[in-house]
Amino acid sequence: MGEKILMKGNEALAEAAIRAGCRHFFGYPITPQSELAAYMAKYLPKAGGVYLQAESEVAAINMVYGASAAGVRVMTSSSSPGISLKGEGISYMIGADLPGLIVNINRGGPGLGSIQPSQADYWMATRATGHGDGQIIVLAPSTVQEMADYARLAFELGDRYRMPAMILADGLLGQMMEPVELPEPIDPKSLPAKDWAVTGTQGKRKNNKVNSLRLAAQDLEDAVLERYARYQTIKETEQLAQLELVDDAEVVVVAYGAASRIVRSAIMLAREEGIKVGMIRPITLWPFPTQAIQAACKTAKAFLTVELNTGQMVDDVRLAVTQGLPVSFFGHSGGVVPTPTEVLVAIKKALAGELFHILPFRSKLEAGD
Amino acid sequence: MTAEKNPILFGRTAGLSEKVNNFCPGCLHGIAQRLVAESIDRLGLIGQTVGITPVGCAVIAYEFYSCDMVQAAHGRAPAVATGLKRARPENTIFTYQGDGDLASIGMAETIHAATRGENITVIFINNAIYGMTGGQLAPTSLPGQITQTSPYGRDVKVAGNPIRVCELLSSLDGVALAQRVTVNSPSNVRKAGKAIRKAFEYQNEGLGFTIVEILTTCPTNWGLAPNKALGWLEDNLIPYYPLGVYKDIKAGE
Amino acid sequence: MTEQLTQASQAQNLHVLLAGFGGQGILFAGKLVAYAGLLDGRQVSWMPSYGPEMRGGTANCSVCLSSDLIGSPIVTEPDVLVALNKPSYDNFVGKVKPGGLVLVDKTMIDACTLRNDIRFESIEATRLAEENELQGLANVVIVGKLLQATGFSTIPQLEIAIEKSVSEKQLWLVDHNKRALALGFEHVSGDDCKQES
């Protein structure tokens with residue numbers, strides 16, 4: 001067990017990525033992920049790695065594509081507008097079955113939006129990171145420790161399933177400091193070789209091709225279906241969620257990332273008042289933890305989803321619940337972080353059997369309306 | 001050489017796969033591609049080379065080489081090459097890109113890879129038109145040139161002026177070699193092969209970014225028979241894009 | 001007595017808001033508080049406010065010390081407000097929880113609270129730092145005062161926090177920081193701001 005040290009989320013993620021054997025980082029400056037890139041610029045060269053500031057997000061993700069094709073653990077990080085630009089490259093990575101870590105320190109949007117904490121990119125991350133019929137793995141940390149832990153998990157899952165993995169966090173998790181125990185470092189040389197990588201044939205094997213083009217319709221369908229089968233395996237085996245006080249909960253709140261921290265505080269307030277409420281915190285946003293939601297349906301009377309957007313993950317919660325249980329929503333958007341008291345009001349409404357989709361009509365909420 | 005009765009004087013280079021290419025009859029891509037494949041073979045680099053194909057007529061050229069290959073998004077080949085080279089500096093990396101890919105949508109990637117002095121070799125095929133999409137205006141289409149999207153001829157007041165890529169890149173410190181060649185005659189083919197080999201040698205010496213621009217024809221979209229297309233290249237393209245060495249950091253040696 | 005205070009304040013959750021101008025070392029002061037909490041085995045969080053401007057604007061920093069998992073790391077209703085300039089004081093004094101504490105750098109803020117439901121402490125941190133050739137360390141002086149006023153940790157823990165937090169390139173500043181800490185901790189409160197309703 002290592003010593004706990006105080007680190008920013010962005011820096012803990014960066015250090016953990018290096019310790020996971022990542023020696024290549026390609027990025028472009030954008031707030032609020034800059035500490036991550038700065039950390040890499042400082043420490044990757046010392047670890048014998050490469051930090052390169054690309055000319056654009058577009059170039060950066062294509063450098064990731066190239067380095068991943070060469071078989072190394074590689075990553076990029078950005079924030080929402082930059083992730084839009086990376087969409088093309090992510091789609092090509094999916095199509096060419098290339099792993100790689102993409103970090104999105106989500107900020108308010110659309111457009112230039114704000115630089116405050118937001119979960120407005122849930123749909124982009126889980127539905128359409130780029131064009132085409134494909135998915136990426138999406139992990140949502142809620143603490144600085146998890147920023148570090150999920151970096152390694154993202155590399156492992158990405159390599160195992162040959163697909164990109166994203167860490168979807170936000171400025172709150174990126175900028176805050178908490179105690180973190182860093183994982184033991186892995187020597188990149190100890191990682192298993194990737195027999196599909198383009199490392200030069202050395203005259204010893206047939207040439208490898210990294211490619212997303214399948215001109216014949218049947219070839220493309222075969223490739224997409226093979227990937228779909230892999231996605232089904234992932235959905236069955238890789239769902240992760242943290243359950244808190246769910247066993248006796250009449251109201252189950254579903255929240256991830258920064259929002260789950262606010263919800264935790266609200267649940268403590270509610271429990272003090274004797275309200276039976278618990279939380280399911282999705283860790284994998286894709287695959288979405290439907291199994292945990294369905295298990296909770298046996299005892300819960302109502303679900304409440306809390307997000308830092310106008311209602312995105314709530315779709316997945318609705319798709320997951322059984323027995324026609326009501327799924328309500330409360331959220332803030334644009335970078336505003338809700339208070340535990342606001343969430344408590346929403347919990348009480350859900351407990352009272354109301355079905356609602358409310359955005360911060362704050363005064364209305366506080367009036368208990 | 002063995003004393004065979006019928007020695008093979010010219011055959012398929014080991015740098016190419018067995019696959020028959022899909023370029024149009026009379027198109028010079030076939031020669032340019034062969035020169036690249038032959039160069040890595042002659043330099044003994046097949047086993048350590050990774051090639052990158054663009055979006056454009058050469059998009060499926062990953063099928064035509066015998067070395068490891070990667071297919072890149074439109075214009076992004078220099079960025080992909082950067083990632084490959086930074087991950088495995090011991091490998092020889094080349095991109096093979098057309099004028100739309102390199103000089104339009106991928107200009108930022110081209111210029112920045114060049115100015116960084118990325119140790120990669122770019123083979124730039126300039127035929128002044130978009131081939132695969134059916135003959136549209138390219139960044140290198142000549143003033144007055146008729147294309148599908150400049151049906152009245154390229155009006156530079158509307159569509160802007162063509163870009164001379166070697167001249168543009170020659171001002172950048174990261175560039176080790178920038179040379180424009182063509183493959184319209186046996187002697188020019190030999191010169192082009194020499195330039196390509198030189199580019200690979202410079203790369204392997206770690207000298208920086210190398211680009212060989214090859215002026216080629218597009219009989220199909222120019223609407224000319226292959227032999228007439230060669231004449232048009234001679235009469236129009238070469239005067240606007242003069243052949244020659246625009247930068248060679250070893251020139252003084 | 002100090003020990004009792006320490007135990008008392010460790011038992012409860014402490015939400016501290018430190019605020020001032022950018023460049024006053026607000027974030028560093030917050031980090032010392034958080035690190036001391038970490039060394040004491042508590043749950044801690046440190047969260048800066050951040051905006052597009054890099055320098056000169058107002059800076060503030062939320063620090064939570066808790067025996068339980070910390071929910072939101074953003075402190076909106078502080079138990080303790082540490083204010084290093086007037087705009088921050090004006091902005092946040094109304095948000096301090098009843099029964100809470102306001103601690104100000106009196107060199108920078110010529111103010112007394114009109115609230116009678118909170119405790120008020122002041123120290124001429126900037127002047128004291130300058131007089132003791134500790135320019136730029138008013139932030140650490142005031143952390144010493146915060147320790148004295150609340151007993152949220154101990155001097156030895158804060159000294160370790162200083163060693164952990166001073167950047168590798170500025171190790172010679174460790175002793176300066178420790179002296180600044182002691183200066184604040186040993187400061188005797190005057191009666192220059194009597195609480196009046």
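Colleague: What is the mean pLDDT of chain A, and what percentage of its residues reach 70 or more?

Modeller: This is a predicted model, and pLDDT expresses the predictor's confidence in each residue. For chain A the mean pLDDT is 95, and 97% of the residues reach 70 or more.

Colleague: Where in chain A does pLDDT stay under 50?

Modeller: Where pLDDT is low, the predicted coordinates should not be read in detail. In chain A, pLDDT stays under 50 over residues 363–369, and the model has 5 contacts beyond four places in sequence for that stretch.

Colleague: How many bridges pair strand S5 of chain A with strand S7 of chain A?

Modeller: S5(A), residues 100–106, and S7(A), residues 164–170, are paired in the parallel sense over 7 bridges. As an example, Val103(A) has Ile167(A) as its bridge partner in S7(A).

Colleague: Let us turn to chain B. How many helices and strands are there in chain B?

Modeller: Chain B contains 9 helices and 7 strands. Its radius of gyration is 18 Å, close to the 18 Å that the globule rule gives for 253 residues, so chain B is as compact as a globular protein of that length. Along the principal axes, the C-alpha atoms of chain B fill a box of roughly 55 × 45 × 35 Å. Of the 253 residues in chain B, 54% are buried. Among contacts in chain B between residues at least 6 apart in sequence, 67% join residues at least 24 apart.

Colleague: Why is strand S4 of chain B described as largely enclosed?

Modeller: All 6 of the 6 residues of S4(B), residues 121–126, are buried, so the strand is largely enclosed by the rest of the structure. Thr121(B), Ile123(B) and Ile125(B) point one way from S4(B), while Val122(B), Phe124(B) and Asn126(B) point the other way, and all are buried.

Colleague: Which strands of chain B are joined to S4(B) by bridges?

Modeller: Strand S3 of chain B, residues 92–98, runs parallel to S4(B) and is joined to it by 5 bridges; here Thr95(B) has Val122(B) as its bridge partner. Strand S6 of chain B, residues 209–215, also runs parallel to S4(B), with 6 bridges between them; Ile123(B) has Val212(B) as its bridge partner there.

Colleague: Which chains share the most contacts?

Modeller: Of the 2 pairs of chains in contact, chains A and B share the most contacts. Chains B and C do not touch, and their nearest C-alpha atoms are 27 Å apart.

Colleague: How many residues does each chain bring to the contact of chain C with chain A?

Modeller: Chain C contributes 17 residues and chain A 17 residues. On the side of chain C that touches chain A, helix H2 (26–39) and strand S2 (43–48) of chain C each supply at least two residues. The largest share of that side, 5 residues, comes from S2(C). The residues of that side divide into 12 nonpolar, 4 polar and 1 charged.

Notes:
Residues numbered from 1 in each chain as written. Chains lettered and ligands numbered in written order. Predicted model: local features only at pLDDT ≥ 70, side-chain atom pairs only at ≥ 80, totals over all residues. Buried ≥ 20, exposed ≤ 12 C-beta atoms within 10 Å, placed from the backbone. Helix = DSSP H or I, 4+ residues; strand = E, 2+ residues; numbered from the N terminus. Pairing = 2+ DSSP bridges. Contact = placed C-beta atoms within 7 Å. Nonpolar A, V, L, I, M, F, W, Y, C, P; charged D, E, K, R; others polar. Rg over C-alpha atoms; globule rule 2.2 N^0.38 Å. pLDDT = per-residue confidence, 0-100.
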